[in-house]
Amino acid sequence: MASEAHITVSSAGNLAGRLLDKKPDTFWQSDGSRPHWINLMFPRQIRVHGVSLFCDFFKDRSFTPKRVSVRGGGSVGDLRLLSEA
């Protein structure tokens, strides 16, 4: 289903496609101010059963997130918090 998603990010948009390429050696790294965000929009309403995020503290200590939140909704204007770690 991720292949159907339109992805936008807080910065470095030219690297956003790396988030969905299933290659652990490629990555997206934000170069903007905080908060850093990743937005996936689907062409139709779908049920998302899981979200995976691979972070490697030893490769990039300065950009490893301390907190990640997942939000969902029908549009960007009505997102609600689903999970936080």
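Where is the place of serine 3 relative to β1? Serine 3 sits in the segment before β1. The points below take up the rest of the structure.

1. Basis of the model. This is a predicted model, in which local features need pLDDT of at least 70 and side-chain atom pairs count only at pLDDT 80 or more, while totals for chains, interfaces and linings use all residues. Residues are numbered from 1 along each chain as its sequence is written, and side-chain values use heavy atoms, with hydrogens and water left out.

2. Secondary structure. The protein has 4 strands and 0 helices. From the N terminus on, the order is β-β-β-β. Both kinds of element are DSSP runs numbered from the N terminus: helices are H or I of at least four residues, and strands are E of at least two. The strands are β1 (6-9), β2 (residues 38-41), β3 (69-72) and β4 (residues 80-84).

3. Overall dimensions. The radius of gyration of the protein is 13 Å, which agrees with the value near 12 Å that a compact globule of 85 residues would have. The radius is taken over C-alpha atoms, and the globule rule is 2.2 Å times the number of residues to the power 0.38. Along its principal axes, the C-alpha trace spans about 35 × 25 × 25 Å.

4. Burial and surface. Of the 85 residues, 12% count as buried. Buried means under 20% relative accessible area, exposed over 50%, and partly exposed in between (1.4 Å probe, protein chains only). The protein exposes about 7300 Å², and carbon and sulfur atoms supply 53% of that area. Accessible areas come from the Shrake-Rupley method with a 1.4 Å probe; for residues, only the protein chains shown count as cover.

5. Among contacts with a separation of 6 or more, 35% are between residues 24 or more positions apart. Contact means heavy atoms within 4.5 Å. The protein has 12 positive and 8 negative charges, and their mean positions are 4 Å apart. Lys and Arg count as positive and Asp and Glu as negative, with His and the chain ends not counted; the place of a charge is NZ of Lys, CZ of Arg, CG of Asp or CD of Glu.

6. Nonpolar core. The largest nonpolar core has 5 residues in all: Ile7, Val9, Ala12, Ala16 and Trp28. Such a core is a set of buried Ala, Val, Leu, Ile, Met, Phe, Trp, Tyr and Cys residues joined through side-chain atoms within 4.5 Å. Leaving out residues up to four places away in sequence, alanine 16 touches Ile7, Val9 and Trp28.

7. Two positive phi values. Alanine 12 is in the loop between β1 and β2, and lysine 22 is found in the loop between β1 and β2 as well. Neither is a glycine, yet phi is positive at about 55° for alanine 12 and at about 60° for lysine 22. Alanine 12 counts as buried because its relative accessible area is 17%. Lysine 22 counts as exposed because its value is 82%.

8. Asparagine 39. This residue belongs to strand β2. Its relative accessible area is 18%, so asparagine 39 is classed as buried. Beyond residues up to four places away in sequence, asparagine 39 touches His6, Ile7, Thr8 and Val76.

9. Leucine 79 is in the loop between β3 and β4, whereas leucine 81 lies in strand β4. Both are partly exposed, leucine 79 at 39% relative accessible area and leucine 81 at 42%. With neighbours within four places in sequence set aside, leucine 79 contacts Arg71, Gly72 and Gly73. Under that kind of exclusion, of residues up to four places away, leucine 81 touches Ser69, Val70 and Arg71.

10. Serine 3 is exposed, with a relative accessible area of 76%. Serine 3 and aspartate 21 are 18 residues apart in sequence, and 9.1 Å apart from C-alpha to C-alpha. Isoleucine 46 is in the loop between β2 and β3 and counts as partly exposed at 21% relative accessibility. Its C-alpha atom is separated by 14 Å from that of arginine 71, 25 residues apart along the chain.
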